[in-house]
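Dear colleague,

I would be grateful if you could read the account alongside the coordinates.

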Amino acid sequence: MHIEAPCVVTLTWTLSDAQNRPLDELQTPVEFLVGGDDLFARIEEALAGHEPGEELSVQLEPEHAFGEYRPELVCFEDRKLFPQQLETGMAFEGLPAGAATPDMPSDAIYHVTEIYPSHVVLDGNHPLAGMALRLRIKVVAVREATEDEIAARSVGSAAPLFDVAIAARARHDDTLH
């Protein structure tokens, strides 16, 4: 079966930055819905027409992946607003209660990038924002999507694409998995 939306693809991949430094490796095959919300449009476009066993490379510019880096999403908040056990790389949904920075998105995931005695630096950008990405993808399997998967726009079991929690390490040049 060739990949054509809607269908479910089972993939493995290696993700690298533009300098070919490894960022993530998906070794265990994972299912994704093509024609839904599981994959970036550029990845779906590249997969179209391929079949199991094929391998392909995809270059994603920031605007086709996690967007450009936006410095206005970086803020400083009082250290007292955070738990005693705080580490660089921790993520919070929204700013903490009592936050003083105006006009920050309330639905963003903020990563702790620096910790000082008086304040904490938070970054609302995705850890891979502003980065060109290279994917080496292997198509393991292709099957028809179920009606439930099509309605949900996801297979439901797929981990978020380049999971935010592990992607935070990309800023430190570590392999994600």
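Asp17 is buried, as its relative accessible area is 2%, which falls under the 20% cut-off. Its side chain forms a salt bridge with that of Arg21, at an N to O distance of 2.7 Å. Arg21, by contrast, is partly exposed, with a relative accessible area of 39%. Please bear in mind that the model is predicted.

In total, seven salt bridges were counted. Another of them pairs the side chains of Arg143 and Glu31, with 3.1 Å from N to O. Arg143 belongs to strand 8 (residues 133-144) and Glu31 to strand 2 (residues 22-34), so this pair ties together parts that are 112 residues apart in sequence. Both partners are partly exposed: the relative accessible area is 27% for Arg143 and 26% for Glu31.

A further salt bridge links the side chains of Arg70 and Glu72, at 2.8 Å from N to O. Arg70 is partly exposed at 42% relative accessibility, and Glu72 is likewise partly exposed, at 47%.

With kind regards

Key: Residues numbered from 1 in each chain as written. Predicted model: local features only at pLDDT ≥ 70, side-chain atom pairs only at ≥ 80, totals over all residues. Heavy atoms only, no water. Salt bridge = Lys/Arg side-chain N within 4 Å of Asp/Glu carboxyl O. Buried < 20%, exposed > 50% of the residue type's maximum accessible area, 1.4 Å probe, protein only. Helix = DSSP H or I, 4+ residues; strand = E, 2+ residues; numbered from the N terminus.
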